[in-house]
Structure formats: structure tokens, C-alpha cells
Amino acid sequence: MEQALGRLARDLAIDLGTANTLVYAQGRGIVLEEPSVVAVRITEAGTYGDVVAVGEEAKQMLGRTPGGIVALRPLKDGVISDFQVTEEMLRAFLRRATGSSMFKPRVIVCVPFGLAEVEKRAVHESARAAGAREVVLIPEPLAAALGAGLPVLEPTGSMIVDIGGGTTEIAVISLGGSVSAQSLPVAGDAMNKAAVDYVSEKLGLQIGERTAEALKLELGCASPLPQVLGTQVKGRDAQTGIPRQAPITSEDLRRALIQPVNAIIEGIRQVLEATPPELAGDVLQRGIVLCGGGALLRGLTQVLADSTGLPVMIADDPLRCVVNGAATALENPQILDRIRLP
Ligand SMILES: Nc1ncnc2c1ncn2[C@@H]1O[C@H](COP(=O)(O)OP(=O)(O)OP(=O)(O)O)[C@@H](O)[C@H]1O
Ligand SMILES: [Mg+2]
């Protein structure tokens, strides 16, 4: 019994991402890593009914549900777009992470830089409604930089670029705060959308979000690959409406992704321009650290290095930097006090 209580009574750190949610339990490590997707039944009245699936299982259903069930991604551009569904998703995740629906943990949640008050309140309220006893918010870029092992609390400039699903968060951090920062609504989802549009325009094929993401992972690149990769893309012919496949290469994906990649480059330029000279010097020396799933796009570090003239590297374990940083804050109250949002 005591052991059971010991296992349950853990506070949590959560990276509530547009694409993926990760949960760290105090003293235990990362206990949950799932896509931020929920499948719910639609009632006869047209309202949401029971939750059918969450996480990976629900992601498999995206774009494939029969009438009466919808698979949804309740976060968009890094913020909660569907309050009720976010709450259901968090409730399911918190229950899995704590192993109980009785224990009400204290939770740290990471939120994008510059979130409006009303959006912060939405995160607070969903987490509480989902079973959290107390909710503490910390800025995502700080968590990411902490998780990437950067000296965020010291009087030196560290630059982190977190390319997630919904947003790219770009920040220069010193003494536990963002000195200059931007949150762009251009990241993995925008890349998927760019792939959907390209395939539709160039190949006359309609494809869904999941197919576009799979193409991006297989062939996506920001600069030409040493060897061009290719595959067949399956979709629905835009004219006839009949399923058809067509060949596609990494060069097609590179062209498709030029726009979102350029938007990220432009955002980095603007943040660098707004960085005071002393800190800019630190960044020049230490370089730019990338994290988030989008950091894994082939050739991206090279393109960013070429366009900024700075060294660029990918953090270790880039998809987990934010949750790892939040975990550090959870385990170290003095760090949490320095970075938590009021
Ligand atoms: N190898 C890869 N190449 C390109 N993109 C990738 C790769 N692996 C993952 N991604 C993309 O990374 C994104 C997910 O990253 P991540 O989990 O960091 O986002 P998130 O934290 O949920 O989103 P946000 O921080 O915007 O709320 C997805 O869009 C996914 O397609
Ligand atoms: Mg993220």
C-alpha cells in the first residue's frame, strides 16, 4: 500500500505540444509520450460524447474515422484551440501518468513565449479540470534551453530555436529570462501543409495531413541531398476523384518546404537583430541550438548556418528538450522560482 502511494504521489512536468504531449513524473522520469490527438464520439445532438481513443491510437484514426466519430488535434499553433477536447486528453494522460484518477498532482506546464493572458488561463483551467491540484506555467523556450543543457541562468547569451508542430520558438536567453524572442506560427504542421499544397498543385493529387507528414519524414530536406531519394505518393486524383499514385522525390519536398524554411530563417534573423551586442557576441561564440521535431529536417542545420553565418547544432534528444527542462525545474524549486510565469 505504501509503495502504491509512493508511486502515485508524484508531481508532473508536462510538455503540452501541438503535435506531441510528454509527461515527466517526479523521481521517475518520462512516463508518457503520445501524439496530442483525441478521438471522440459525436452524439445525436452533434456534441462531443465519449472519448474513443487518445494519443497514438487516435492519431492512426486522423482522416480515417467513420461518421459518428472524429479524431481531433485540440491544439493549434501552440495554443489550445478546443478547450473541451484538450481537457479530455489531459485527463486521460494524467490518469495514465499517475496510475490513478484519485491523486491530484501539482503540474508544471510549458507554454509558448508571449502567450496572451486568456490563453494562459485556458491552459490553467484545462489542467485543473483534468485533475491537477495546482498548475505552474513556465515559458517553453526556457524549458527547451534548460533541457538542451544551455547555461540559461547565467549572465551569458544562449540562443535556442525550438521547431515544433505548431510553432517555432526562437529566443536569446540570459539570467533565466528571454532577452529577445519570437514565436512563429510556422513549424512542422506548416511544412506538412506545404507538402499537401505542392502535391496537389504539381501532381494533381489530394493527400491528407498524415500522408504529408510521412512524406516529409521520408524525403523532406532543406538543402539538396547527396543522393536524391524517391518514393510513390498515394492520394486521390483531383480531377477524377479516383485513387492514384505518382512518383515524388526529395527535390520535390525541398521545393515544397522552401517557404516555411525561409520563414524560420527570417524569424531567426529578426531575433538576432533585436539582441544586444554583448549577448550577440555570446551567441556568435556558442552558436544556435535547435530542438523540437522540426530540427530533424535533413539539411536544416546547414541552411541555417549558411544564412546566419553562425554555428548551428541540434540538441541531444531534441523532441524531449522541453519536457527535460521542465523536469529540471520540477526537481529544483530554486530554478522553478526563477523561470515560472507569474
Ligand atoms: N525527422 C523529422 N524531420 C522533419 N520533421 C520532423 C521529424 N521528426 C519529427 N518532425 C516533426 O516535428 C513535429 C513535432 O515536433 P514536437 O514534438 O517538438 O512538436 P510539439 O512540441 O508537439 O509542437 P509545439 O511545440 O509547436 O506545440 C511534427 O510536425 C513532426 O512532423
Ligand atoms: Mg514543443
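The largest pocket of this predicted model is lined by 43 residues, with Ala19, Asn20, Gly165, Gly293 and Leu319 nearest its centre. A pocket is an open set of points on a 1 Å grid over the protein atoms alone, where a 1.4 Å probe fits and protein lies on both sides within 12 Å along at least five of seven lines; lining residues have an atom within 4 Å of a point. Its volume is about 880 Å³, a volume being the space filled by probe spheres set on the points, which are joined across faces, edges and corners. Helix H7 gives the largest share of this lining, five residues.

Ligand 1 takes up the space of the largest pocket, where a molecule sits in a pocket if more than half of its atoms lie within 2 Å of the grid points. The ligand is surrounded by 19 residues, the closest being Thr18, Ala19, Asn20, Glu213 and Lys216; each has a heavy atom within 4 Å of the molecule. H7 (residues 209-219) again provides the largest share, here three residues of the shell; helices are DSSP runs (H or I) of at least four residues, numbered from the N terminus.

Polar contacts are pairs of N or O atoms within 3.5 Å. A backbone N or O atom of Asn20 is 2.7 Å from a ligand oxygen atom, and polar backbone atoms of Gly165 and Thr167 each lie 2.9 Å from one.

Residues are numbered from 1 along each chain as written, and chains are lettered from A and ligands numbered from 1 in written order. Local features need pLDDT of at least 70, side-chain atom pairs 80 or more, while totals for chains, interfaces and linings use all residues, and side-chain values use heavy atoms, without hydrogens and water.

Methods. A polar contact is a pair of N or O atoms within 3.5 Å; within protein, one must be able to donate a hydrogen and the other to accept it, and residues adjacent in sequence count only if both atoms are side-chain atoms. Helices (H or I, at least four residues) and strands (E, at least two) are DSSP runs, numbered from the N terminus.
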